Amino acid sequence: MNIFQNFKARSKLVKAFREGGIYKTIGSDERKIFPKIHCVPNDQYDYYVFTLPNGVDPNLLKKRFYVFQQIFGDGIYLDGEFKKFTLTIKESKKIPEINYDYPKLLEIIKKENILMPIVCGGEETEKLRIYDATNSPNLLIYGEPGSGKSSILHVILSTLTQYYSPSQIEFYLADFKMSELNLYEGVEHVKSISYLTNDFGPALKYLKKELTKRGQLLKDHKVRHINKLPEEQKPPYIVLCVDEFVMIKDDQIMTDLLQIASLGRAYGIYLILSMQRPSHKILSTDVRGLLSVRMGFRTVDKRNAMIGETPGSEKISKEQPGTFLLNLDELAELRAPFLNEEKTEEILGKFKNDAWVNHNYKKSSSPDKEELKEQKELTEKDVFNDAVN
Ligand SMILES: Nc1ncnc2c1ncn2[C@@H]1O[C@H](COP(=O)(O)OP(=O)(O)OP(=O)(O)O)[C@@H](O)[C@H]1O
Ligand SMILES: [Mg+2]
């Protein structure tokens, strides 16, 4: 940062002080004493540090915060109590593109002993964040068209396909835009791909039946998680993934989906939903609670970012697709490794089987109508009563 930029940054803050009336006047000539600026945003920091002159009411800063917003935009945060304050000017990071590299991911998964690896991304190729979905089973991905939602889905699913065998993990996919997930047709791990909500209903019904079965299994063994079952009895993990889930207009399907999400943790069922715009209508308090992990790609505006709970994702540059804010323990800005369609196809090709059939749950163990009628709505309490007592 050169002297000129430094001067410009200072003047901008002084302007805010002047217009907000944040200064002390002394002497007969009413000389203005402005807060002392100790540090301006530069290549290393994204904040100002300043101290108020004694006698200036610190509450003024809060009251006149709008002046700072008018001058710096609304992605700013003020921190401090009496005298010393930090004003953070949050700009989206420019993270260079990261290539998808499975051996490197595998190294991290092994080193960190991750059971259910969900690849996120990083700030540089060497340090990628992968979280374990065992305790945070349900993920919501959102962002405007072209922001990178489907690409990260490919990264997550391709990684799981390579990491687990078809007897260890099963995918149930829904792609109502009919554009992205057909690549997975033929992959042995994939049990069903639905392109119409009508096809998806039966898949969910089947999964609900699977919940009941797994609940019974846990009861019989008096354990609380399928990971605790004896190896030979352990059912495969299930990943249920819906691209553009807002296209589900059927209330029953939505109810089933949420029921599966609420019970999935103990049963090894993991949910990944993606949508373009988070809205209050869809993200009710219940749904928010269930979808605890968020990946907020570029959102159209601040409101959408706030609803999704990744404030700042509206600032992600259009020029940086694949960049997102991960809301897990705290907010982190990351860029997903990139896997284009051809490469995804190349990886998946190794796992394809000519005898593959879509929806093969229908043939063997699809519940009949009577069974479904009998199956009452499950709650975690129903299932665990015995195991807990
Ligand atoms: N991690 C990434 N690194 C670099 N470029 C990326 C990354 N992710 C996505 N892109 C680029 O952005 C384009 C759009 O990404 P993608 O198809 O995933 O968007 P989307 O959010 O699913 O959009 P839509 O809502 O229209 O389906 C990709 O074709 C690719 O060129
Ligand atoms: Mg997409």
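How do the residues of the shell around ligand 1 divide into nonpolar, polar and charged?

Reply: Keep in mind that this is a predicted model. Start with the count. The shell around ligand 1 divides into 4 nonpolar, 8 polar and 3 charged residues. There are 15 residues around the ligand. Those that come nearest are Pro145, Gly148, Ser150, Pro321 and Gly322. Helix H5 gives the largest share of the shell, with 3 residues.

Stay with H5 for a moment. This helix covers residues 149-163. Its partner here is helix H10, residues 341-349. The two axes come within 10 Å and cross at roughly 20°. H5 and H10 are therefore roughly parallel to each other, as angles under 35 degrees count as such. Their crossing is left-handed. On the H5 side, the contact is made by His154, Ser158, Thr161 and Gln162. On the H10 side, Thr344, Ile347 and Leu348 take part. By class, this contact has 5 polar residues, 2 nonpolar and no charged ones.

Now step back to the whole chain. It is divided into domain 1, residues 3-89, and domain 2, residues 98-388. The C-alpha centres of the two domains lie 45 Å apart.

Next comes another helix pair. Two packed helices are described by the angle between their axes and the distance between the axes. Helix H6 spans residues 197-221, and helix H7 spans residues 251-267. They pack at an angle of about 30°, with their axes 10 Å apart. That makes H6 roughly parallel to H7. The crossing of H6 and H7 is left-handed. H6 brings Thr197, Phe200, Gly201, Leu204, Leu207, Lys208, Leu211, Arg214 and Leu218 to the contact. H7 answers with Ile253, Asp256, Leu257, Gln259, Ile260, Leu263, Ala266 and Tyr267. The class count for this contact is 11 nonpolar, 3 polar and 3 charged residues.

One pair remains for this tour. Helix H1 runs over residues 3-20 and helix H3 over residues 65-72. Their axes come within 9 Å. They cross at roughly 140°. Lys12, Lys15, Ala16, Glu19 and Gly20 of H1 make the contact with Val67, Phe68 and Ile71 of H3. The residues divide into 4 nonpolar, 1 polar and 3 charged.

Back to your question, then. Around ligand 1, the shell holds 8 polar residues, 4 nonpolar and 3 charged.

Methods: Residues numbered from 1 in each chain as written. Chains lettered and ligands numbered in written order. Predicted model: local features only at pLDDT ≥ 70, side-chain atom pairs only at ≥ 80, totals over all residues. Axes fitted to C-alpha atoms, helices over the stretch in contact; angles between N-to-C directions. Helix = DSSP H or I, 4+ residues; strand = E, 2+ residues; numbered from the N terminus. Parallel < 35°, antiparallel > 145°, perpendicular 65-115°, else oblique. Left-handed = near helix turned anticlockwise from the far one by under 90°. Contact = placed C-beta atoms within 7 Å. Nonpolar A, V, L, I, M, F, W, Y, C, P; charged D, E, K, R; others polar. Domains from an automatic or database assignment. Near = placed C-beta within 6 Å.
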